[in-house]
Amino acid sequence: MKIASVCGHSFAPGLIQPGELIFDCGANEGEFSRWCDATIECPVIAFEPDPRLYGTLRSTPNVEFVNQAVGGQEGVFALALGVKSCSSGVIAEGRPQQTIQVQAVTLDGLCARRGLLGTIGLIKMDIEGAELDVLEQLPVQLLERTRQITVEFHDFLRASDLP
């Protein structure tokens, strides 16, 4: 089985079947989503809450960019806009730092609202410190229909996340 490394995320593209959904949580500049569109040819829903980055993203027939965050709970939260690093709802670079209010969705909530009941080929998560919260809240039913998850952990950012 061939393992791909795309934008620092390792996964097995051959395990993703045609038509399965890919979630790109933390789209940034869209490179990962564009690679999936060109290589795997599956529908991608990509989330990017930072309006500065989102404004540069252009959807394609297979990639839908959503200007929302993925979280462990749905609702509005403060996103600290990054200057030296990526924006985060968990980690601040320092004080003062500009924050904006953004909408967070859960993957299971989005799937329920949109009637997305099929197999999820891949969940890519690079959400600047919120990864553990999302993973801890994912319902078993969603995990059972997910083939793979690739996650960038930010354990070096919060001492409380270290074992």
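Which residues form a nonpolar patch on the surface? The points below take up this matter and several others.

1. Basis of the model. This is a predicted model, in which local features need pLDDT of at least 70 and side-chain atom pairs count only at pLDDT 80 or more, while totals for chains, interfaces and linings use all residues. Residues are numbered from 1 along each chain as its sequence is written, and side-chain values use heavy atoms, with hydrogens and water left out.

2. The surface patch. M1, I3 and L15 form the nonpolar patch, and together they have about 330 Å² of accessible area. Patches are made of residues with over 30% relative accessible area and no salt bridge; nonpolar side chains (Val, Leu, Ile, Met, Phe, Trp, Tyr) are joined within 5 Å, and like charges within 9 Å. Accessible areas come from the Shrake-Rupley method with a 1.4 Å probe, and for residues only the protein chains shown count as cover. M1 is found in the segment before β1 (4–6). Helices (H or I, at least four residues) and strands (E, at least two) are DSSP runs, numbered from the N terminus. M1 counts as exposed because its relative accessibility is 68%; the classes are buried under 20% relative accessible area, exposed over 50%, and partly exposed in between (1.4 Å probe, protein chains only).

3. Salt bridges. Side chains of opposite charge can pair when their charged atoms come close. A salt bridge is a side-chain nitrogen of Lys or Arg within 4 Å of a carboxyl oxygen of Asp or Glu, and by this rule the count comes to 5. Three of them are described in the next points.

4. E20 and R147. The closest N and O atoms of this salt bridge are 2.7 Å apart. The pair links distant parts of the chain, 127 residues apart: E20 is in the loop between β2 (9–11) and β3 (21–25), and R147 in the loop between α5 (140–144) and β10 (149–151). E20 counts as buried, at 7% relative accessibility, whereas R147 is partly exposed, at 43%.

5. D24 and K124. Here the closest N and O atoms of the salt bridge are 2.6 Å apart. D24 belongs to strand β3 and K124 to strand β9 (residues 120–125), so that the pair links distant parts of the chain, 100 residues apart. D24 is buried, with a relative accessible area of 0%, and K124 is buried, with 3%.

6. E74 and R113. This salt bridge has its closest N and O atoms 3.1 Å apart. E74 lies in the loop between β6 (69–70) and β7 (75–80), R113 lies in helix α3, and the two are 39 residues apart. E74 counts as partly exposed, at 41% relative accessibility.

7. Positive phi values. N28 is not a glycine, yet has a positive phi of about 55°. N28 lies in the loop between β3 and α1 (31–39) and counts as partly exposed, at 24% relative accessibility. E41, also a residue other than glycine, has a positive phi near 60°. E41 lies in the loop between α1 and β4 (44–47) and counts as exposed, at 57% relative accessibility.
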